[in-house]
Amino acid sequence: MLKEGMDKKEKKANPKAHKRLIDKNVNEETVNYYVRIAATLDEGFEGDEDRELFLRNVFIQLEKEDIHVFMHPSLQDVLVKLTELSNVEQTIKLLQILKDNTAELLNDGKARKVMCSLLLQVAEFSGGEKSKEQQEHLEELQEVFLEICQSLKGDVENVLVVKTVLQVLSGHVNMSAKDIGMKRNKTTWNYTPPTEFIQTFHEMCEEIFSLDDIQEKVEHNKASMVLTHVFPLLHKVKTPTCHKFIRKYLTLSGVLTDHEKFQWLVSDSRGSFLMQTIIECCSDEIYTELYSSVCKGHLLSLAVHPQANFVLESLIKGAKDKEQFEEIFVELKENFEDILAFNHLRVITSLAKAACQLKTCQMKLVKHLLRAFHCFEPEDRQIMFVPLLATLTTYEVHFGIEEGSDKPENENPTLGKVNIHGSLILQTLLEFKNPKYVVNSLLHMTPKNLQCLACDPSGSHIMEVYFKSTTVTEKNKAAMVDRLQDVLQDIACSSCGSWIIETMWTELPLPQKTVIVKALAKHDRRLAGDQYGRFIHRNCGVSTYINSVRNWTEMQTSSQKKRKMFEDILQTSGTKTKKKKE
């Protein structure tokens, strides 16, 4: 379609919706044309034929345009959208333009997003079965793409483009909307790449890890960003090669043996992210060597550093066995309060999750947390563990008293807003082999504070895990139901709380369900008229219970039998699958 012959459907876009930026190389008429294209695409079409005709004419025009159109700041969104809609032949022609003008386009920050969106079309067409004609077009497309890759070998400046190319070559594409722009819908593919792609992928990796300038790459921010993308892809494509390059990088850069160089690297935001990636992708042998050489004895300095604490988190997650984790825990256990003071809660969360997974140091970890929140001694303070950890406040701050003072006048102040990290830690502690400190504290909370916990977006997850946990006894779950009787109706009428009632209903046996429905039946009208409560009213069979306790009991017994039978079928099926794999 020519610029003069726009379809009648096309309307001028709202000038506020498209920010106009001036580029002396592109005239106003051309900019207006593509702005109207954007408006038409947003408006939609009556049928597929109209859409195809429209796009065909647009691409004919786009292929004739000056290269500066691809670089115009106002046209990036519509060009990203158009590249996603291109077919194989159109993509080949546009890639040819890209190949012939790679250097100029790479020098323009805005044009890179259009380039990346176009490169992603190679992934779009590379998967699945193809006819003979489609295969011929695909081979031509891949040939042009590989020529573009050759021009990018050794490039660590153009992070976004290199990242896109490497992902397409590897067959593992996972770009974000932030990378390409919100105008592109699909940014994720997994497919088996051709041999030439894998070969080029390895060649590009070899170039990136060249011997002559590895030290320079360590100190180069953009290079470290490229390496952060390379390691996970290498790990998926060929794990031994990934381990080889990780060792090469760590050895030649001196990071593996020199603590100062390691500390320098992880103190930078990009360097910290790179080291996290290395820890996640490295072999057990490299992990152990890295930990022993440059981390051991320096864990507290990592824990309190604004960037390095993320590396420590990955180090904790990567602990290979109980002994290794216990070494890390021993070094950090006396410093929980310092770590909390710096608000690096993720470190504590990682320790709790690792202790849960490896089944070690669990009770020690809880006791050190109690000390950190000043509620280990005297013993009667321990019942405040959950409110303190949930809100991340020490005993004295929570009660507004001086440190070392006696009991406060108000022994049960209203629970404040629950911190997401405090919630995550408590959820993990409830999965410990013996969660007695958390359970005891929860059961000593007032019904009103339990209601606050259940209705809080973060706190509700603590209650959910409480009723789902296999280590919390049925007796303690029943005790919690009794504790909640007087506030169940308020919990049921909350968006978060109603979900907790659903969880209780699913997890608890008939005697506890009876307690729940009896309490809810007293507030029949309120529940039936509430936007959240009405679902609880229906799912718990409140009306049936009010009309006939016997019918309600029979209905619940039948439902419980069906659920048990279904669980048995799933369990049997899972056992058979496991045996088959073995």
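Author: The protein chain has an average pLDDT of 88, pLDDT being the predictor's confidence in each residue, from 0 to 100. This is a predicted model, in which local features need pLDDT of at least 70 and side-chain atom pairs count only at pLDDT 80 or more, while totals for chains, interfaces and linings use all residues. Residues are numbered from 1 along each chain as its sequence is written, and side-chain values use heavy atoms, with hydrogens and water left out. The share of residues that score at least 70 is 89%.

Reader: What percentage of the residues in the protein chain is buried?

Author: A residue is buried under 20% relative accessible area, exposed over 50%, and partly exposed in between (1.4 Å probe, protein chains only). The protein chain has 582 residues. The buried share of them is 51%.

Reader: Which residues touch the most other members of the largest nonpolar core?

Author: A nonpolar core is a set of buried Ala, Val, Leu, Ile, Met, Phe, Trp, Tyr and Cys residues joined through side-chain atoms within 4.5 Å. The largest one has 184 residues, and those touching the most other members are Phe 231, Met 275 and Leu 429. The largest share of this core, ten residues, comes from helix H6 (residues 111-126). As for Leu 429, the residues it touches, not counting those up to four places away in sequence, include Ala 352, Phe 385 and Val 438.

Reader: Why does the salt bridge between Lys 244 and Glu 206 tie together parts that are apart in sequence?

Author: A salt bridge is a side-chain nitrogen of Lys or Arg within 4 Å of a carboxyl oxygen of Asp or Glu, and the closest N and O atoms of Lys 244 and Glu 206 are 3.8 Å apart. Lys 244 lies in helix H13 (residues 239-253) and Glu 206 in helix H10 (residues 195-208), so the pair ties together parts separated in sequence by 38 residues. Lys 244 is partly exposed at 47% relative accessible area, and Glu 206 is partly exposed at 39%.

Reader: Are Arg 381 and Glu 396 buried or exposed?

Author: The side chains of Arg 381 and Glu 396 meet in a salt bridge of 3.3 Å, N to O. Arg 381 lies in the loop between helix H22 (362-372) and helix H23 (385-391), and Glu 396 in helix H24 (residues 395-399), so the pair ties together parts 15 residues apart in sequence. The relative accessibility of Arg 381 is 9% and that of Glu 396 is 7%. Arg 381 is therefore buried, and Glu 396 is likewise buried.

Reader: Which residue has its backbone oxygen 2.7 Å from a polar atom of the side chain of Ser 469?

Author: Ser 469 is located in the loop between helix H28 (459-468) and helix H29 (474-484). With a relative accessible area of 1%, Ser 469 is buried. Leaving aside neighbours within four places in sequence, Ser 469 is in contact with Leu 430, Glu 431 and Lys 477. The backbone oxygen 2.7 Å from its side chain's polar atom belongs to Leu 430.

Methods
Helix = DSSP H or I, 4+ residues; strand = E, 2+ residues; numbered from the N terminus. Contact = heavy atoms within 4.5 Å. Polar contact = N/O pair within 3.5 Å; in protein donor to acceptor, adjacent residues only side chain to side chain.
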